[in-house]
Structures are given as C-alpha cells and as structure tokens.
Amino acid sequence: MQELEDGYKQNACDAAEVEKAKKLIEQAKQQMGRLPDRPPTLSEQSARTINTLI
C-alpha cells in the first residue's frame with residue numbers, strides 16, 4: 001500500500017488505483033475474519049516464508 005501511495009505522490013499512478021487497492025485490502029481483511037483460526041499447513045508456511053524472503 002505504501003508503494004502505491006508513493007507512486008501516487010510521484011504521479012506514477014492515479015487516485016483510482018490507490019482506492020481500488022484499499023478496497024481490495026479491506027475485502028481481504030473481512031474474508032480473513034470469517035475463516036476459522038487454525039495453524040498453517042506446511043505448504044502455507046512455506047509460501048509465507050518464501051514471500052517474506054522476496
């Protein structure tokens with residue numbers, strides 16, 4: 001999100017893109033709130049580790 005806001009400040013994207021990203025993040029948070037709380041599977045844990053390293 002910070003990258004989008006920085007891009008907006010540098011005229012690399014428009015306000016509509018920033019708003020679209022905010023809405024997508026909010027939708028994801030709502031969907032995550034509906035999921036049951038459980039420990040991550042091995043593949044989920046591996047994906048999280050890879051994403052963290054990237």
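**Exercise 1.** In this predicted model, is the crossing in which helix 1 passes helix 2 left-handed or right-handed? Describe how the two helices are oriented and what they touch with.

*Solution.*
Step 1. Locate the elements. Helix 1 covers residues 2-9, and helix 2 covers residues 15-34.
Step 2. Take the geometry. The two axes come within 9 Å and cross at roughly 170°.
Step 3. Classify the angle. Angles over 145 degrees count as roughly antiparallel. Helix 1 and helix 2 are therefore roughly antiparallel to each other.
Step 4. Assign the hand. Helix 1 passes helix 2 in a left-handed crossing.
Step 5. List the contacts. Helix 1 supplies L4, E5 and Y8. Helix 2 meets them with A15, E17, V18, A21 and K22.
Step 6. Sort this contact by class. It has five nonpolar, three charged and no polar residues.

**Exercise 2.** Characterise the largest pocket: which residues line it, and how do they divide by class?

*Solution.*
Step 1. Start with volume. The largest pocket holds about 200 Å³ of space.
Step 2. Name the lining. It consists of M32, L35, P36, D37, R38, P40, E44 and R48.
Step 3. Divide the lining. Four residues are nonpolar and four are charged, with no polar ones.

Notes: Residues numbered from 1 in each chain as written. Predicted model: local features only at pLDDT ≥ 70, side-chain atom pairs only at ≥ 80, totals over all residues. Heavy atoms only, no water. 1 Å grid on protein atoms, 1.4 Å probe; cavity = no way out; pocket = protein on both sides within 12 Å on 5 of 7 lines; lining within 4 Å. Points joined across faces, edges and corners; volume = space filled by probe spheres on them. Nonpolar A, V, L, I, M, F, W, Y, C, P; charged D, E, K, R; others polar. Axes fitted to C-alpha atoms, helices over the stretch in contact; angles between N-to-C directions. Helix = DSSP H or I, 4+ residues; strand = E, 2+ residues; numbered from the N terminus. Parallel < 35°, antiparallel > 145°, perpendicular 65-115°, else oblique. Left-handed = near helix turned anticlockwise from the far one by under 90°. Contact = heavy atoms within 4.5 Å.
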